[in-house]
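Here are my notes on this model. Please keep the structure open while you read them.

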Amino acid sequence: MTWVSHIAVTGTIAYAVTADPLLTAAAAVGAVLPDKIEGSPGSVGWNTWRSRHRGWSHWPVLYLALIGGLAQARAYFFYDAAFFSVLTWLFIGALLHIAEDAVCGKVPGIFPTQKIGIRLFTVGSFREYLFASFCIIVVYAGQYILRM
């Protein structure tokens, strides 16, 4: 998915769950984190970038371990709920990015060398934007139904 789609879908989900603008912003930043870690094709060359795209930076176990580490760190380090919540939602945003990429290609599974996913659309296509719009509508509809 494009960065715009990642930010829109992840931000919508995060705000629906938290109703907190700060945590939504953290998730939106996390929604582009896996791609930012890899760099851009212009910075390293297309072939180099393509060979490592959706590699270890898209491995969900890494972000799950970081979230688990944060949960454990609360017991041993200073406790600032806002700080830990922002970091947690940053990593949740990265996990949502990976899930979103899994519907338009393959991403690492439980093992970093294992690739899983489906290709419902091509990145940047009209179908991608329809899919992102559909996800956003489903989240809003779910919120509406829950408030009834």
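1. Start with Thr 10. Setting aside neighbours within four places in sequence, Thr 10 contacts Ala 27, Ala 31, Gly 93, Leu 96 and Glu 100. Bear in mind that this is a predicted model.

2. Thr 10 sits in helix α1. Is Thr 10 buried or exposed? Its relative accessibility is 0%, so Thr 10 counts as buried.

3. Helix α1 spans residues 3–18, and helix α8 spans residues 126–147. Their axes come within 10 Å and cross at roughly 5°. Angles under 35 degrees count as roughly parallel, so α1 is roughly parallel to α8.

4. Which residues make this contact? From α1 come Ser 5, Ala 8, Val 9, Thr 12, Ile 13 and Ala 16. From α8 come Glu 128, Tyr 129, Ala 132, Cys 135, Ile 136, Val 139, Tyr 140 and Gln 143. By class, the α1 contact with α8 has ten nonpolar, three polar and one charged residues.

5. Now the largest nonpolar core. It has ten residues: Tyr 63, Leu 70, Ala 73, Phe 84, Leu 90, Phe 91, Ala 94, Ile 98, Ala 102 and Val 107. The largest share, five residues, comes from α7.

6. Ala 94 belongs to that core. Leaving aside neighbours within four places in sequence, Ala 94 touches Gly 30, Ala 31, Pro 34 and Tyr 63. Ala 31 is also on the contact list of Thr 10.

7. A second, separate core has seven residues, among them Val 9, Val 103, Phe 121 and Ala 132. Val 9 and Ala 132 also take part in the contact of α1 with α8.

Terms used: Residues numbered from 1 in each chain as written. Predicted model: local features only at pLDDT ≥ 70, side-chain atom pairs only at ≥ 80, totals over all residues. Heavy atoms only, no water. Axes fitted to C-alpha atoms, helices over the stretch in contact; angles between N-to-C directions. Helix = DSSP H or I, 4+ residues; strand = E, 2+ residues; numbered from the N terminus. Parallel < 35°, antiparallel > 145°, perpendicular 65-115°, else oblique. Contact = heavy atoms within 4.5 Å. Nonpolar A, V, L, I, M, F, W, Y, C, P; charged D, E, K, R; others polar. Core = buried A, V, L, I, M, F, W, Y, C linked by side-chain atoms within 4.5 Å. Buried < 20%, exposed > 50% of the residue type's maximum accessible area, 1.4 Å probe, protein only.
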